Amino acid sequence: MSAVFDAVMLLLLIATAVTVARARDLVAAVVTFGLYSLVLCLVWQHRGAPDVAITEAAVGAGVTSVLFLLTIAKTARSERR
Amino acid sequence: MIAGAVLEIAAVALVVLGVAFLLAGTIGLVRFPDVYARAHAASKCDSVGAGSVLLGVALHDGVAFGDLKLVLLALLVVVSGPTTAHALARAALRSGRRPSTRDPAGPA
Amino acid sequence: MKTFALVLVLVVAATMVIGIAGLPPHGDPDGPIHTHVGARYLERGVAETGVRNLVTAVLLVYRGFDTFLEVVVIFTALVAVLALPSATRRPPPARGESTAAPRRGSDDAVPVSPVVFFVVRLLAPFIAVFALASLYRGHVTPGGGFQSAAIIGAMMIALGLVFGREHAARLVPHGAKAWLQALGPLAFAIIAFVGWRLTGAFLGFPADEAAHALREAMVVVLEVAIAVGGAVILAQLFMALDAPS
């Protein structure tokens, strides 16, 4: 059960990471990156590292997303082709 | 004994209800036509879905003092989810998005 | 170019896989992480540092230099953002409308939704209590300075969103702003020199039993400084990036 959970989470991590790298729309990339952080937070918690999980949720999924979105609002939303 | 069984059934029922709402909300998020309908679907996920899953987990294995945390979490989710949906829909309206009003019966 | 990138990715990936193959099995009791310093931290960490949460003990006492430089990195990020010309340029303040209903910043005239305003005001005290609890109990349970900093910073950002930047800026006293932003590195530097004076080692912690209270005080100072300094830096980063340009 635990191994299944780990496997699903790691596959989700890979999927979200690839999605972030491939996204042309930077807002979509930021939102997916928040999802990546959230999944990673679950992995940390599951591996018995709640300290890291709290930080990952607050900084990775929360504050970083806000700062990224502000940066996009100040620059360009779409990656130059 | 009976009370424990009733509690357990209630817990499972709440979790099943929550998961059903999460599933419906996720399908809605993908399938609905515009931002308003999607926000509507997604907020169901948050408030009813996550809320009743949390309450179900709190009832599971008997009620203890620590379950208060789960109740507080459910309250937080019930308060913050609709607020997010409201803010999202309001921002969309302010930025000029018109709700999709296509008649499902007639031609597009 | 694409082929080159693909080859590069494959080479790096192969190197990593080979490296991972050389690691000891997960949970191996004879692995290096269990036979060198790790065992000592686990066996004597609580007695040596007086910090019951070993993560905090390692973070602040055993691996203090790491954490010192981490704090410096966060501070440097703020300095870099503030150095951007668009982050510090401010429009002339509009007189006469600052006392009106709460407005989001000064760049647009969209009033804050009363629902969001109410909910943020409702939740802010709870967020603050959670942050303080995570700081206060950081040496016993999961949590600590960095976590607390992120939570307080997020609360300040949420308050800044609904009350407008002028009101939110008052959370941080103007004269103390620069000092608070640099609080983390400053506190680490001061504690490092205190440790130097006491033990002869930069960022050293007195190890003898009699200095227990002093050691604990040093850890608490570092935790509080990381929390407050980090929160101010996060909020300031947000304010700087959110400034109308």
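## Chain layout

Chain A and chain B do not touch. Their nearest C-alpha atoms lie 14 Å apart. This is a predicted model. Pairs of chains that do touch number 2, and the pair with the most contacts is A and C.

## Interface of chains A and C

Chain A brings 13 residues to the contact, and chain C brings 17 residues. About 1,300 Å² is buried between chain A and chain C. Carbon and sulfur atoms account for 72% of that area. On the chain A side, the residues touching chain C are 8 nonpolar, 2 polar and 3 charged.

Salt bridges between chain A and chain C number 0. Polar contact is found for 2 residue pairs between chain A and chain C, with both residues at pLDDT 80 or more.

## Interface of chains B and C

The size of an interface is often given as the accessible area lost when the parts come together. For chain B and chain C that area is about 650 Å². Carbon and sulfur atoms give 78% of it. The chain B side that touches chain C holds 3 nonpolar, 2 polar and 2 charged residues.

The contact draws 7 residues from chain B and 9 residues from chain C. Across the interface of chain B and chain C there are 0 salt bridges. Residue pairs in polar contact between chain B and chain C come to 2, both residues being at pLDDT 80 or more.

## Chain A: fold and dimensions

Chain A has 3 helices and 0 strands. From the N terminus on, its elements run α-α-α. The C-alpha trace of chain A spans about 45 × 25 × 10 Å along its principal axes.

Chain A has 81 residues, and 30% of them count as buried. Take the contacts in chain A with a separation of 6 or more: 62% of them join residues 24 or more positions apart.

## The salt bridge in chain A

Where is the salt bridge of this structure? Over all chains there is 1 salt bridge. Arg47(A) forms it with Asp6(A). The closest N and O atoms of Arg47(A) and Asp6(A) are 2.5 Å apart. Asp6(A) sits in helix H1 (residues 2-22) of chain A, and Arg47(A) lies in the loop between helix H2 (26-46) and helix H3 (50-74), so the pair ties together parts that are 41 residues apart in sequence.

Arg47(A) has 45% relative accessibility and counts as partly exposed.

## Chain B: fold and dimensions

Chain B also comes to 3 helices and 0 strands. Read along the sequence, its pattern is α-α-α. Why does chain B count as more spread out than a compact globule? Its radius of gyration is 18 Å. The globule rule gives 13 Å for 108 residues, and the value for chain B is well over that, so chain B is more spread out than a compact globule.

The C-alpha atoms of chain B fill a box of roughly 60 × 30 × 15 Å, taken along the principal axes. Of its 108 residues, 24% count as buried. Among contacts in chain B with a separation of 6 or more, 68% involve residues 24 or more positions apart.

## Ser47(B) in helix H2

Ser47(B) is placed in helix H2 (residues 35-59) of chain B. Its relative accessible area is 17%. Buried means under 20%, so Ser47(B) is buried.

Notes:
Residues are numbered from 1 along each chain as its sequence is written. Chains are lettered from A and ligands numbered from 1 in the order in which they are written. This is a predicted model: local features need pLDDT of at least 70, side-chain atom pairs count only at pLDDT 80 or more; totals for chains, interfaces and linings use all residues. Side-chain values use heavy atoms; hydrogens and water are left out. Contact means heavy atoms within 4.5 Å. Buried area is the accessible area (1.4 Å probe) that two parts lose on being put together, summed over both. A salt bridge is a side-chain nitrogen of Lys or Arg within 4 Å of a carboxyl oxygen of Asp or Glu. A polar contact is a pair of N or O atoms within 3.5 Å; within protein, one must be able to donate a hydrogen and the other to accept it, and residues adjacent in sequence count only if both atoms are side-chain atoms. Ala, Val, Leu, Ile, Met, Phe, Trp, Tyr, Cys and Pro count as nonpolar, Asp, Glu, Lys and Arg as charged, and the others, Gly among them, as polar. Helices (H or I, at least four residues) and strands (E, at least two) are DSSP runs, numbered from the N terminus. The radius of gyration is taken over C-alpha atoms; the globule rule is 2.2 Å times the number of residues to the power 0.38. Buried means under 20% relative accessible area, exposed over 50%, partly exposed in between (1.4 Å probe, protein chains only).
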